[in-house]
Amino acid sequence: MPGRLTDSVAIVTGAGSIGPGWGNGKAISVLFAREGANVFAVDINTDAARETVEIIRSEGGEAVAHQADV
């Protein structure tokens, strides 16, 4: 049932992935966005978080990247 998270904000730590494939943070960020959430993608590696944000935006979702060590 798409849209379950419409008008929600998801804060995802570890939202970037380095290397091939997708880590848990990247995967859940994209999944939450596909369900309608606005995603605050946090990662120590800003470039990796931005890559996740670009995937989300390319699918029509809303996301912003933020650098932090959590």
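**Reading the terms**

Guide: Glutamate 54 counts as partly exposed, at 48% relative accessibility. This is a predicted model, in which local features need pLDDT of at least 70 and side-chain atom pairs count only at pLDDT 80 or more, while totals for chains, interfaces and linings use all residues. Residues are numbered from 1 along each chain as its sequence is written, and side-chain values use heavy atoms, with hydrogens and water left out.

Visitor: Why is glutamate 54 called partly exposed?

Guide: Buried means under 20% relative accessible area and exposed over 50%, with partly exposed in between (1.4 Å probe, protein chains only). Glutamate 54 has 48%, so the term partly exposed applies.

Visitor: What makes arginine 57 and glutamate 54 a salt bridge?

Guide: A salt bridge requires a side-chain nitrogen of Lys or Arg within 4 Å of a carboxyl oxygen of Asp or Glu. For arginine 57 and glutamate 54 the N to O distance is 3.9 Å, so the pair qualifies. The two residues are three apart in helix α2, and are therefore separated by about one helical turn; helices (H or I, at least four residues) are DSSP runs, numbered from the N terminus.

Visitor: Which helices does the salt bridge of glutamate 51 and lysine 26 tie together?

Guide: Their side chains meet at 2.7 Å, N to O. Glutamate 51 lies in helix α2 (residues 46–58) and lysine 26 in helix α1 (residues 24–34), so the pair ties together parts 25 residues apart in sequence.

Visitor: Why is lysine 26 called buried?

Guide: Lysine 26 has a relative accessible area of 1%, so the term buried applies.
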